[in-house]
Amino acid sequence: MADGGEPGTLRPGGRTARVREAVLRAAEDALTEEGFTGLDLADIARRAGVGKTTVYRRWGTVTGLVADLLADMAEQSSPRTETGSLLGDLTANARLVHRTLTDPRQGALFKALIAAATGDARTAAALHRFYDIRVREWAPCVRQAVERGEAPEGTDAHEVIRAVSAPLYYHLLISGGRLDEALADRAAEAAAIAARAGVYVRQPTVNSAS
């Protein structure tokens with residue numbers, strides 16, 4: 001590409017933006033219905049009603065398209081909620097994750113993307129970027145809690161946010177247990193209690209050379 005960037009990483013406007021939107025939504029449909037192994041750029045072009053050459057020229061590969069889809073999902077995700085308390089903010093985060101994972105379309109889409117990431121390095125890197133963006137979006141609520149005295153200095157805000165969603169993904173992917181709002185609330189409460197107790201305080205690095 002002219003700018004040397006990854007395929008599909010431009011953010012154009014006008015007709016090109018409409019083509020990108022149509023192709024990404026078609027990719028979502030295909031992932032939900034067929035899974036990653038069933039993805040085919042020609043089929044996605046057909047679903048989107050655009051030419052195959054347009055899709056191949058812009059995204060190049062299925063993994064290039066999936067990377068752009070994850071970038072778009074990160075951009076479209078709901079912004080952080082601020083309630084004024086650590087537990088309130090973490091509960092808002094947990095409920096957002098719960099709504100996403102229990103949505104028939106979004107839940108199936110995330111399952112397909114996570115499955116794809118286990119066997120494809122580029123998809124894994126794109127998925128890691130997606131979650132890093134979302135964790136960074138919510139981390140300030142933990143830092144604000146530290147400033148209010150709700151959690152000790154040195155608390156790792158990113159680890160607290162990860163601890164909120166981890167039980168929900170475990171139920172989605174591993175245990176097959178009931179993924180309800182009560183589970184989301186318990187995950188938020190457990191993370192808040194652990195944060196207040198100093199569980200997530202960053203430990204000083206030990207210099208082995210000393």
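Me: OK, how many positive and negative side chains does the chain have?
Reply: There are 26 positive and 27 negative ones, and the centres of the two sets lie 4 Å apart. Keep in mind that this is a predicted model, where local features need pLDDT of at least 70, side-chain atom pairs need 80 or more, and totals for chains, interfaces and linings use all residues. Numbering starts from 1 along each chain as its sequence is written, and side-chain values use heavy atoms, without hydrogens and water.

Me: New topic: how many helices and strands?
Reply: Nine helices and zero strands. Those are DSSP runs numbered from the N terminus (H or I, at least four residues, for helices; E, at least two, for strands).

Me: Which residues of helix 1 are buried?
Reply: Among them are Val19, Val23, Ala27 and Leu31. Buried means under 20% relative accessible area, with exposed over 50% and partly exposed in between (1.4 Å probe, protein chains only).

Me: Why would residues three or four places apart point the same way?
Reply: Because an α-helix has 3.6 residues a turn.

Me: And what do the buried residues of helix 1 pack against?
Reply: Helix 2 (41-48), helix 3 (52-59), helix 4 (62-76) and helix 6 (104-117). Contact means heavy atoms within 4.5 Å.

Me: What comes just after helix 1?
Reply: Gly35, with a positive phi of about 80°.

Note on methods
Lys and Arg count as positive and Asp and Glu as negative; His and the chain ends are not counted. The place of a charge is taken as NZ of Lys, CZ of Arg, CG of Asp or CD of Glu.
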